[in-house]
Amino acid sequence: MIMLTSLEVWAHPLALHALPAAHDAPSTNTEALQKRNTQSPLSGSVNSTAGFRTLQELYEGNMKFRQNVRLQATRLIDEAPSFMFLGCVDNRLSPSTIFNAPAGSIISHNNIANQYSSKDPSADAAIAHAIESMHVQHIIILGHYGCKGVETAITQSNTASRLVKSWVKPISDLYSRTRRTEIVKLRDSRLPQRGKPNGVTTAPAADDAGFRALVEENVKRGVNELRKHSILTKAYAWGAKADKNGALDVFVHGLVYDETTGEVHDLNVSFGPPGKKIPTIPFNAVAAAKNIQRDSDRPGITKGKTWDFGNSH
């Protein structure tokens, strides 16, 4: 088992990078303007990573952070964060950025493709610490469309190491067995066919419906694992005995973040202590998943449906 994880308290990231003074003036460079206009609406030019590559730039970023933010360490120590995120290492924006959260209000535990497994002691220890010592109220598995870990689970790329393939194997298994309509369509489109004896080996587009659906199903799988096998089960039971008013008030949610729009969607899989009402979730919910039905004697053929995959892959 590999542990590609970390537990960290995010400081407010927007102070880590500032525009050079030359950028303050209106630009007349056409190429620069075109580049700026094609950037993500979330990132903008102030968050470009092009000029942030060396340890010296990391040091200078910290100097600006210290000058501009003035964090009060004693206040952060005394105040409990409300949210713990189980996130993905290749999601370039921290939850603090995505949710515009105050410094110190979020803690995160990250691995490839935001997976939870009860066999990962690092994840369980992080959750136990978040509940027992930091008193979080919400644990959120946050997936993101275009996830490279989920992409590797689909493509089984030869460039991915054995360790990475082993880590994403639960997602590969999910991909191969799920009957969700969009994923079945993606899976069938990548099978060997005339002119493509090896099938499609390139990565699907980030906006491919099947790819997006697998990102969602992976988050749902993680929430389900938390519900069935995590330390939360014991924590709920312990809380019910210790608290005369009821069980420990920690709720678990599954959300997915769209990097192209900045939107966060609810997957409608939240749960909490027995007998406790789940708080209202204001994020828009994704449409309910639909499954494909197969003929039992022709497991590779979709019943009553034919797709024209064209040459999109």
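A crossing of two helices is left-handed if the near helix is turned anticlockwise from the far one by less than a right angle, and right-handed if it is turned clockwise. Keep that in mind for the helix pairs later on.

What you see above is a predicted model, in which local features need pLDDT of at least 70 and side-chain atom pairs count only at pLDDT 80 or more, while totals for chains, interfaces and linings use all residues. Residues are numbered from 1 along each chain as its sequence is written, and side-chain values use heavy atoms, with hydrogens and water left out.

First, the overall picture. The secondary structure of the chain comes to 11 helices and 8 strands. Helices (H or I, at least four residues) and strands (E, at least two) are DSSP runs, numbered from the N terminus. The chain has 313 residues, and 38% of them count as buried. Buried means under 20% relative accessible area, exposed means over 50%, and partly exposed is in between, with a 1.4 Å probe and protein chains only. Contact means heavy atoms within 4.5 Å. Among the contacts in the chain with a separation of 6 or more, 71% are between residues 24 or more positions apart.

Now the helices, starting with α6. How many of the 8 residues of α6 are buried? The number is 7, so α6 is largely enclosed by the rest of the structure. The buried ones are Gly149, Val150, Glu151, Thr152, Ala153, Ile154 and Thr155. They pack against α7 (162-167), α8, α9 (181-189) and α10 (209-229).

Take α8 from that list. Helix α6, residues 148-155, packs against helix α8, residues 169-177, at an angle of about 60°, and their axes are 8 Å apart. Axes here are lines fitted to C-alpha atoms, for helices over the stretch in contact, and angles run from 0 to 180 degrees between N-to-C directions. The angle makes α6 oblique to α8; under 35 degrees would count as roughly parallel, over 145 as roughly antiparallel, 65 to 115 as roughly perpendicular, and the rest is oblique. This is where the opening definition comes in: α6 passes α8 in a right-handed crossing. On the α6 side the residues are Val150, Ala153 and Ile154, and they meet Ile171, Ser172 and Tyr175 in α8.

An α-helix has 3.6 residues a turn, so residues three or four places apart point the same way.

Helix α8 also meets α10. Their axes come within 10 Å and cross at roughly 115°, and α8 passes α10 in a right-handed crossing. Pro170, Ile171, Leu174 and Tyr175 of α8 make the contact with Leu214, Glu217, Asn218 and Arg221 of α10.

Next, the aromatic rings. The structure holds 2 aromatic pairs. Rings of Phe, Tyr and Trp (its six-membered ring) pair if their centres lie within 6.5 Å; planes under 30 degrees apart count as stacked, over 60 as edge-to-face and the rest as tilted. One of the pairs is phenylalanine 99 with phenylalanine 283, which is edge-to-face, at 6.0 Å centre to centre and 75° between the planes. Phenylalanine 99 lies in the loop between α4 (95-98) and β3, and phenylalanine 283 in the loop between β6 (264-266) and β7 (294-295), so the pair ties together parts 184 residues apart in sequence. Phenylalanine 99 is partly exposed at 25% relative accessible area, and phenylalanine 283 is partly exposed at 30%. Phe85, Phe99 and Phe283 form one aromatic cluster.

Now the surroundings of tyrosine 145. What sits over the ring of tyrosine 145? The charged end of arginine 212 does, 3.7 Å from the ring centre. The rule is that NZ of Lys or CZ of Arg is within 6 Å of the ring centre and within 35 degrees of the ring normal. Histidine 265, in strand β6, touches Tyr145 too, and its other contacts include Gly254 and Asn284, not counting residues up to four places away in sequence. Histidine 265 counts as buried because its relative accessibility is 13%. Aspartate 208, in the loop between α9 and α10, is 63 residues from tyrosine 145 in sequence and 9.5 Å from it in space, C-alpha to C-alpha.

Last, the backbone. Most residues other than glycine have a negative phi, and most peptide bonds are trans. Alanine 113 has a phi near 70°, and histidine 135 has one of about 60°. Just after α6, glutamine 156 takes a positive phi of about 50°.
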